[in-house]
Amino acid sequence: RTNKKGKSGMKKNIAVIFGGRSPEYFVSLQSAYSVITNIDHDKYNVIPIGVTLEGDWFRYSGNYSNIPDGSWPADAVSNVPVAIMGGTYPRIIELYEGGPRFTVIDAAFPVMHGKNGEDGTVQGLFEQAGIPLIGCSTLSSALCMDKARAHALARDAGIDVPKFITASIEISQEEIAVKAEGLKYPLYVKPVKAGSSFGISKISDPSQLSEAVSKAFEFDNEITIEEEIHGCEVGCAVLGKNKLIAGRVDLIETPGLFDYTEKYNPQKSKIHMPAPIDEELEKRIRQTALALYRLLGCSGFARVDMFLTPENKIVFNEINTIPGLTAHSRFPNMMKGAGMELKEVIQFLIELSLKDE
């Protein structure tokens, strides 16, 4: 193809990028498979681009079923190294032994969770190349991944957040302990930039602080320590750019930390969708989610997570700019509750991106 806009009737090329150098690599594979198999293949050409744990980029042309089980990189015949090229006709370069081939990309859909995927790094690559992006921008992705700065912006906008402090890896454990003296236990110690609860600890007294801090620093060079919000966690899916659509609100019932295991293989936790709350309270939660989505510059889609206290106070937790997209994930179920199936959500996101083009 040489015409980026495409001839009349020509299908648009949608690159779906998955994997990546992230602790959430295997979650990305599950979500990407769901996206690829729910895209309308009669309307769009899907260009799967896999990124290995080592950071190698390939155009994958093998069986889609090899993606979720993680076996796709072993299929050498179906993997061709690729690079992204900007310019008048942004495209990928496929590096075959016989020479390069070029494929114009009409939109890029990063389906990569956590660090090196959801934090603005990949988004910046495609924005720099001039390829329309499906999902949040570079700036919004980076802000939402940064728990401390997202909380500071929300707090300054008058939205409740947990009381917290931040610390960098350059300062000593003793200095961190002093900074945390003004906080009331129990506390959560978290990497500032990480997803799926990696590196997070709940601690009940100062004797546990040092170990929790060391664990969090394994995932980032900056941490946040915040007070526990008593209550439960609620979430709201949001879709759109200027005109926004809010999904139904869900509620997580868990006896402890809603960690990686509980998120993807729940043993003790239960997710109620829709949340068992009255209509007025759900309306307030959805309005807060929309306000946070706009405040942090989100576009395309995101899941806004909040705490709900026994007094029905709504407290901001975080925004996931690339939430899980499997049939069992929270975001699709919230949108389904609002009347949109996953296929419709993906179609909406692609059309929104191509409209921006």
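Guide: Contact here means heavy atoms within 4.5 Å. The model is a predicted one.

Visitor: Leaving aside neighbours within four places in sequence, with which residues is Phe301 in contact?

Guide: Its partners are Phe109, Gly135, Cys136, Val238, Leu239, Tyr293, Thr321, Ile322, Pro323, Leu325, Phe331 and Leu349. Phe301 itself belongs to strand E15 (residues 300-308).

Visitor: Is Phe301 buried or exposed?

Guide: Buried means under 20% relative accessible area. Phe301 has a value of 0%, so Phe301 is buried.

Visitor: How many salt bridges does the structure hold?

Guide: Side chains of opposite charge can pair when their charged atoms come close. The structure holds twelve salt bridges. One of them joins Glu94 to Arg59, with the closest N and O atoms 2.9 Å apart. Glu94 lies in strand E5 (residues 91-96) and Arg59 in strand E3 (residues 57-60), so this pair ties together parts 35 residues apart in sequence. Glu94 is buried at 4% relative accessible area, whereas Arg59 is partly exposed at 22%.

Visitor: Which parts of the chain does the pair of Glu222 and Arg149 link?

Guide: Their side chains meet in a salt bridge at 3.2 Å, N to O. This pair links strand E11 (residues 222-227), which holds Glu222, to helix H4 (residues 147-156), which holds Arg149; the two residues are 73 apart.

Visitor: Which residues are linked in a network of salt bridges?

Guide: The network consists of Glu233, Asp250, Arg303, Asp305 and Arg330.

Technical notes. Residues are numbered from 1 along each chain as its sequence is written. This is a predicted model: local features need pLDDT of at least 70, side-chain atom pairs count only at pLDDT 80 or more; totals for chains, interfaces and linings use all residues. Side-chain values use heavy atoms; hydrogens and water are left out. Helices (H or I, at least four residues) and strands (E, at least two) are DSSP runs, numbered from the N terminus. Buried means under 20% relative accessible area, exposed over 50%, partly exposed in between (1.4 Å probe, protein chains only). A salt bridge is a side-chain nitrogen of Lys or Arg within 4 Å of a carboxyl oxygen of Asp or Glu.
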